[in-house]
Amino acid sequence: MSDQILPNPSVGGAVARRRLPRWVEPSILPGFPLAMGITLAYLGLIVILPLTALAIRPLELGLSGIWQALTEDRVAAALKLSFGLSAIAALVNAPLGLLLAWTLTRYEFPGRRILDALVDLPFALPTAVAGIALTTIYAPNGPLGELFAKVGIKTAYSPLGIFIALLFIGLPFVVRAIQPVLQDIDREVEEAAQTLGANSLQRAVFVVLPAIAPSLISGVSLAFARAVGEYGSVVFIAGNMPMKTEIAPLLIVIKLEQYDYAGAAAVGLAMVGISFGALIVINAVQIFLAGRGRR
Amino acid sequence: MTDTHLSRRGLIASAAGLATVPLLGGQAFGQDKALTLLNVSYDPTRELYKQINAAYIDYWKGKTGQVIKIDQSHGGSGKQARSVIDGLQADVVTLALAADIDEIAARAKLMPANWQSRLPNNSTPYTSTIVFLVRKGNPWKIRDWPDLLKPGVGVITPNPKTSGGARWAYLAAWAYGLKNGGPAAAQAYVEKLYKNVPVLDTGARGSTTTFAQRRLGDVLLSWENEAHLTIEEFGPNFDIVYPSISILAEPPVAIVDKNVDRHKTRTLAEGYLNFLYSPLAQDIIAKNFYRPRNAVAAAKYAANFKQIALVTIDDTFGGWKKAQATHFADGGVFDKIYKPT
């Protein structure tokens with residue numbers, strides 16, 4: 001929006017021929033002012049307003065107070081645990097989710113539709129139900145937990161338990177992000193690559209992967225974002241031990257229960273900040289990849 | 001492509017927005033015209049108040065001819081207090097400890113600061129204590145507090161930061177240490193005790209589930225009434241062990257003045273709390289394994305309530321305000337237990 005593109009009445013006739021800024025240029029579709037107005041109002045009410053409240057609350061503590069609240073051992077440990085495990089879970093879900101999406105779109109087999117529907121279950125299940133179900137299975141006396149316990153692995157009430165819950169809730173994000181793209185890929189391109197002598201590995205790496213990479217990344221980032229904020233399913237299986245298995249959202253709840261509203265908001269703000277930073281980086285990678293794919 | 005990205009970003013945005021909606025709600029309760037009382041209580045009192053409410057509805061109908069409705073809300077004591085502060089339209093609060101009602105009085109000014117002197121017995125119509133619930137036959141031979149430190153014993157108790165019952169349990173353990181070596185010994189004892197705790201649930205019910213249903217741990221530090229209830233609920237797979245010393249837990253009740261005045265339910269609410277002290281209610285209370293104030297009910301159910309040495313929050317800890325600040329505030333003694341060494 002620099003000066004020379006703004007219409008300037010004193011120049012007279014020359015103005016009309018000048019290129020208007022892109023956003024003033026009339027779109028082919030009608031209804032832009034209304035659509036934009038509703039978009040801004042809705043986003044403002046639903047997203048920006050609560051976030052502003054979240055940003056204002058910790059200021060009660062002062063900047064040094066916020067810093068102190070966030071560098072406290074217990075808070076730092078919880079943030080590390082939440083973001084670390086969420087990242088690992090999202091990354092593990094990437095290849096497995098890709099494989100699932102591949103199987104569900106590329107092969108025809110009996111029960112495919114049922115499997116396909118199962119992927120959505122973690123979306124549909126109330127998180128508390130998922131948490132209780134997972135805990136029942138992975139508790140030391142549960143069917144799977146017992147097996148793991150025999151070989152000396154603690155599942156429920158350990159970071160591994162949290163990891164399992166985060167895998168569970170993250171999976172559909174990855175699968176559902178990749179699936180439509182995988183379905184839309186032009187098989188002819190793959191066939192062309194084949195006629196040009198590309199072997200199956202080359203076709204997968206140089207033809208299919210670049211096409212689905214942006215959506216894979218988007219799915220993984222969604223799974224990550226969801227896992228960071230996940231509370232309901234994790235608190236049941238985590239064990240909630242300070243410094244060991246206490247996730248950041250639980251710490252927020254604990255702080256609220258101690259009437260430490262500002263401290264809770266500070267942790268919340270830190271989580272939003274870190275998540276936002278991570279999403280920006282992921283988006284940048286995505287744009288870079290999308291740009292390369294187009295060339 | 002770009003379109004799907006946009007819509008997905010929109011999805012995160014709206015999901016984030018939805019998560020904040022419950023915070024905005026909460027004001028809408030208690031608006032209906034019928035004479036309704038909302039009792040906001042703590043976790044293990046569900047069964048007790050279900051029976052009390054039925055009895056009070058009958059009593060009130062007999063007295064005035066009015067048909068009333070009583071709603072109950074249960075959860076961790078601290079969480080419930082926060083809901084009331086944030087606008088949950090409670091007519092009466094019946095919480096696990098005085099500190100939580102103090103917070104309502106101090107932060108939201110919904111009742112006078114001297115609320116606890118308005119009803120007999122420090123506004124506590126019933127008391128309880130903390131006992132041990134062990135597995136049938138008591139395989140670890142747990143008789144008293146020192147036995148909880150045996151290597152290998154798993155102790156189940158909720159997080160004192162979020163659970164009222166857990167705070168009473170923590171203080172009971174502290175009282176034991178205090179009587180056996182003084183403050184330093186108490187701290188050492190409590191630190192060792194929590195090293196044997198494998199899971200910290202957020203509320204008393206969560207811990208009971210962990211212990212009884214998931215069969216985790218060997219001893220549950222439990223409300224006395226919750227221990228009896230667990231045996232009724234899960235069959236005779238458990239034994240109750242009374243330690244040599246415990247704490248007199250006084251869960252207080254109070255009217256939320258600003259709310260009853262707004263709802264015009266003051267007489268009804270006052271009647272409700274006074275009713276808790278009546279012989280009929282005291283009998284229900286004792287039947288539900290809470291220790292009654294009424295001598296007749298106490299005598300009738302004496303077999304359920306073993307007499308053990310009980311310290312009180314006031315004489316041993318200098319009241320809730322002090323105990324809260326010393327032990328459970330951020331950076332307090334409880335936090336130090338979990339400091340990395």
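A residue counts as buried here if 20 or more other C-beta atoms lie within 10 Å of its own, as exposed if 12 or fewer do, and as partly exposed in between, with C-beta atoms placed from the backbone. Helices (H or I, at least four residues) and strands (E, at least two) are DSSP runs, numbered from the N terminus.

With that in place, let me start at helix H4 of chain B. Its buried residues are B:Ala98, B:Ala99, B:Asp100, B:Ile101, B:Asp102, B:Ile104 and B:Ala105. They pack against H3, strand E3 (92-94), helix H6 (164-179), strand E9 (253-255) and helix H15 (320-328) of chain B.

A note on what you are looking at. This is a predicted model, in which local features need pLDDT of at least 70 and side-chain atom pairs count only at pLDDT 80 or more, while totals for chains, interfaces and linings use all residues. Residues are numbered from 1 along each chain as its sequence is written, and chains are lettered from A and ligands numbered from 1 in the order in which they are written.

Now chain B as a whole. Its secondary structure comes to 16 helices and 11 strands, and 45% of its 341 residues are buried. Two residues are in contact if their C-beta atoms, placed from the backbone, lie within 7 Å. Of the contacts in chain B with a separation of 6 or more, 71% are between residues 24 or more positions apart.

How is chain B divided into domains? Domain 1 covers 36-124 + 251-276, and domain 2 covers 127-249 + 308-337; these bounds come from an automatic or database domain assignment. Over C-alpha atoms, the centres of the two domains of chain B are 27 Å apart. Their contact takes 16 residues from domain 1 and 19 residues from domain 2. On the domain 1 side, helix H3 (77-85) and helix H4 (98-108) of chain B each supply at least two residues, and H4(B) gives the most, with four residues. That side divides into eight nonpolar, four polar and four charged residues. For those classes, Ala, Val, Leu, Ile, Met, Phe, Trp, Tyr, Cys and Pro count as nonpolar, Asp, Glu, Lys and Arg as charged, and the others, Gly among them, as polar.

Most residues other than glycine have a negative phi. B:Ser123, in helix H5 (residues 120-123) of chain B, has a positive phi near 60°. B:Lys141 also has a positive phi, of about 50°, and its place is in the loop between strand E4 (126-135) and strand E5 (155-156) of chain B.

Last, where the chains meet. In this contact, 26 residues of chain A touch 30 residues of chain B. On the chain A side, helix H2 (32-56), H4, helix H11 (200-229) and helix H13 (248-257) of chain A give two or more residues each. The largest share, four residues, comes from H2(A). The chain A side divides into 16 nonpolar, six polar and four charged residues.
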